[in-house]
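Biologist: Please show me how to read the features of a structure, one at a time.

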Amino acid sequence: MSIVISGTGAFIPENRVSNEELAARVDTTDEWIRSHTGIGARRFAADGLVSSDLGAAAARVALERAGKKPEDVDLIVVATATPDYFAFPSTACIVQDKLGAANAAALDINAGCTGFIYALDVAGSMLAAPGRRTALVIGAETLSRIADWGDRATCVLFGDGAAAFVLERDDNAPGVAGGGSGLLFSWLRAKGSGAKSLYLSQPERTKTFERVGDCGKPPAIIMDGKSVYMFAVKAITDTIEALLAESGYALGDFKWIVPHQANLRIVQAAAKRFGIADEQIFMNIEEYANTSAASIPIAMNEMAEKGLLKKGDLVMAMGFGAGLTYGGAIIRW
Ligand code: UT7
């Protein structure tokens with residue numbers, strides 16, 4: 001039995017904002033953003049759109065490429081840090097309605113920028129149970145809606161976008177031991193002690209009959225960039241070591257390493273430790289910036305569309321972000 005990826009798709013908003021354009025309203029420069037992060041532009045969703053719109057659009061493309069109808073979907077898992085509603089209902093339920101996926105269960109994953117890696121594991125495990133064959137795993141973000149436009153150290157980093165994978169259980173395919181394709185290994189971790197390094201501001205909810213804190217202020221991203229940077233380099237290092245130990249593969253066995261697209265310098269620092277060549281790492285942060293839970297599937301969908309992923313290629317994808325969370329997955333294309 002294998003959990004295979006039978007289709008991918010993305011929704012990339014048309015509105016492209018370069019660093020120079022952003023510098024017209026934020027006190028920053030193209031030079032600073034490029035040299036500190038590798039970002040050259042980002043996309044912002046059109047007014048009126050929310051994460052479920054982006055996620056549903058990406059899912060429609062992935063379903064069509066997989067040759068599946070919405071009614072074929074048994075499970076929808078949406079990884080997002082920017083749900084349509086904070087808390088409930090889940091964005092996955094709204095996507096389920098927008099797609100008309102009448103037979104699907106639906107749930108969200110809240111694991112920050114590691115969300116898609118967590119979601120693959122959750123969906124893969126749920127598909128292994130009897131009664132489910134097909135899942136949609138979606139990373140969808142509208143981070144422009146929660147950026148603090150007065151904080152230049154964070155607001156320049158993020159962009160909007162979505163991508164989706166169709167996962168299918170194939171009972172006849174050889175599993176991991178038989179060299180089958182699809183999801184092979186997953187390794188997930190959390191470091192909740194770092195929760196306050198990266199979080200969404202909100203009114204306090206510490207009293208029953210009284211609302212305290214600034215209830216009038218819109219929620220916004222608060223990040224201690226330096227501590228997240230240090231965490232991220234170690235998270236990538238730990239994830240690579242754990243996945244290699246678990247799988248028995250060597251780094252040279254991988255055609256591609258696909259990291260969460262947060263900061264080129266973070267990835268380069270981690271890659272240097274392992275002597276990984278630039279050509280083995282896929283980066284598209286220059287064009288899309290950090291799209292949190294959508295960054296890994298957007299990258300892999302782009303690789304698939306460009307023909308960079310060939311059948312049988314081994315891919316290591318890894319994420320790190322709010323929670324703090326981190327982890328990775330090994331996929332055979
Ligand atoms: O996906 C979730 C995971 N998140 C991450 O991975 C982010 C991890 N952290 C980082 O990538 C980096 O910490 C940042 C890119 C966010 C910041 O880089 P940094 O080198 O740590 O910059 P800094 O915050 O220490 O700021 C250095 C200087 C400051 O000026 P002074 O005090 O030295 O004069 C800032 O005011 O850079 C200034 N600065 C800027 N200047 C122009 C900060 N942001 C900007 C900006 N444009 N956008």
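**Domains and ligand**

Modeller: The chain is assigned domain 1 (2-176) and domain 2 (177-332), with bounds from an automatic or database domain assignment. This is a predicted model, in which local features need pLDDT of at least 70 and side-chain atom pairs count only at pLDDT 80 or more, while totals for chains, interfaces and linings use all residues. Residues are numbered from 1 along each chain as its sequence is written, and side-chain values use heavy atoms, with hydrogens and water left out.

Biologist: How many residues does the contact take from domain 1 and from domain 2?

Modeller: Contact means heavy atoms within 4.5 Å. The centres of domain 1 and domain 2, taken over C-alpha atoms, are 14 Å apart. Their contact takes 55 residues from domain 1 and 51 residues from domain 2.

Biologist: What is the area buried between domain 1 and domain 2?

Modeller: The size of an interface is often given as the accessible area lost when the parts come together. Buried area is that loss, found with a 1.4 Å probe and summed over both parts. Here about 4100 Å² is buried between domain 1 and domain 2, and carbon and sulfur atoms give 64% of this. On the domain 1 side, Cys113, Ile117 and Val176 supply 19% of the area buried against domain 2, more than any other three residues.

Biologist: Where does the shell around the ligand lie?

Modeller: A residue is near a molecule if one of its heavy atoms lies within 4 Å of it. Domain 1 and domain 2 both give residues to the shell around the ligand, so it lies between them. There are 22 residues around the ligand, and Thr28, Arg152, Lys226, Asn263 and Asn290 come nearest.

Biologist: Which helix gives the largest share of the shell?

Modeller: Helices are DSSP runs (H or I, at least four residues), numbered from the N terminus. Helix 7 gives the largest share, four residues. Helix 2 (30-37), helix 6 (152-155) and helix 7 (225-247) each supply at least two residues of the shell.

Biologist: Which atoms of Arg152, Asn263 and Trp32 lie by the ligand?

Modeller: A polar contact is a pair of N or O atoms within 3.5 Å. For Arg152, a backbone N or O atom lies 2.9 Å from a nitrogen atom of the ligand. Asn263 has a polar side-chain atom 2.7 Å from a ligand oxygen atom. In Trp32, a side-chain N or O atom is 3.1 Å from an oxygen atom of the ligand.

Methods. Polar contact = N/O pair within 3.5 Å; in protein donor to acceptor, adjacent residues only side chain to side chain. Buried area = accessible area lost by both parts, 1.4 Å probe.
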